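Work through the exercises below with the sequence and the model in view. Each task is followed by its solution.

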Amino acid sequence: MESELKDLAPKDQKPEPPLDGSEKDERPLLKSDSMTAEDLAELEKKFAAYVRSDVYGRMGRGELPLVEKFLLGFAFVTVLPVRVVVGIAILVLYYLICRFCTLFSAPNRDGDDQEDYAHMGGWRRAVIVVCGKFLSRAMLFTLGFYWISVEHRSPYGEEGSESENEDEEQSEELERPGAIISNHVSYLDILYHMSSSFPSFVAKRSVAKIPLVGLISKCLGCVYVQRESKTSDFKGVAGVVTERVVEAYQNSSAPRMMLFPEGTTTNGDYLLPFKTGAFLSKAPVLPVILRYPFKRFGPAWESMSGVRHVILLLCQFVNFMEVITLPIYHPSEQEKEDPKLYANNVRKLMASEGNLIMSDIGLAEKRIYHSALNGNNNVARVLHQKEE
């Protein structure tokens, strides 16, 4: 998963001068004396999909009430150390399981940069999947998600709440989808989907080289991509994803794909435009909606560094997650011929069923917003730039 909080602007790009010709103010925008309440309100309206609204503020650095300071300090010295130790233990344990199951086994290769162990069969694959699901749920439990509300929507509009222990495959007995489509709120989304269906993800190529996590990602069957690449290699990765989706749809023993068509995270209340890559295969998809209700700290990964977010998350005594699994969406003939129409219709359905607000902004606007929060963009340019 990429971090949009790093390298907000290319290093070789010269900063634009302020409109009034004065020197650029390097202070964070939210601490700038020139930032009025009206400017802040307009900024948040323009980039509403990325605005945090919990007690910790937009960048996790807000002034906290005395009670919240006490709870945070108490959790920092009691709950956080325990969770860190248990979390590392779970990660190392699963790495050792994956290492054992892949001994003397050659990975499946698809091109020079794509390799995985997700196509293994027999007891090795069974152990990796079963242990992966169990330990992913154990990790969520360690992070404070003691109970996850899972709701399956029927094709006829009826609703039924089910316990999280009931496998999601029960709603897919009639047919297996080519891919799972989900909104993207946090890195926690990945842990939930691992615990639920253990699918393959699209990940940065550098993930394969991370200690411990790299091997686990190969056992998941991740498709590696070089972010921001516009070369033929990127198109090749899109082809690999399409082939994997078709393979999962046609072969029940093949690893299924899990895709976040928004391409980045939001604050959980909005749904960004979908990219069409997940819909090029013309195969049915399974839409899943994730929500993170909160009272103090919002688990949505927005506007703050990964380290700060993890620390604040670990300091919450209880965290909450709600999941809505929609019926498998079968594209019409018109949608099969028009991936953009297919993507838009699935997006509209998910927004309606999940009570999400559809937004037209994307990753580029997110970077502008983050840059503004860090004082790297002139306020007037951010608020009054022409819409593309």
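**Exercise 1: The chain as a whole**

Find what share of the contacts with a separation of 6 or more joins residues 24 or more positions apart.

Solution. Contact means heavy atoms within 4.5 Å. Among contacts in the chain with a separation of 6 or more, 74% are between residues 24 or more positions apart.

This is a predicted model, in which local features need pLDDT of at least 70, side-chain atom pairs count only at pLDDT 80 or more, and totals for chains, interfaces and linings use all residues. Residues are numbered from 1 along each chain as its sequence is written, and side-chain values use heavy atoms, with hydrogens and water left out.

**Exercise 2: The listed regions**

State which residues UniProt lists as "transmembrane region" and describe each span.

Solution. The unreviewed UniProt entry lists residues 70-97 and 126-148; positions follow the numbering used here, feature names are shortened, and annotations may be inferred rather than shown by experiment. Helices (H or I, at least four residues) and strands (E, at least two) are DSSP runs, numbered from the N terminus. Residues 70-97 are 96% helix and 0% strand, with end C-alpha atoms 40 Å apart. Residues 126-148 are 74% helix and 4% strand, and their end C-alpha atoms lie 24 Å apart.

**Exercise 3: Leu212**

Locate Leu212 and decide whether Leu212 is buried, partly exposed or exposed.

Solution. Leu212 sits in the loop between strand 6 (202-204) and helix 6 (213-220). Its phi is positive, near 70°, in a residue other than glycine. Buried means under 20% relative accessible area, exposed over 50%, partly exposed in between (1.4 Å probe, protein chains only). Leu212 has 28% relative accessibility, so Leu212 counts as partly exposed.
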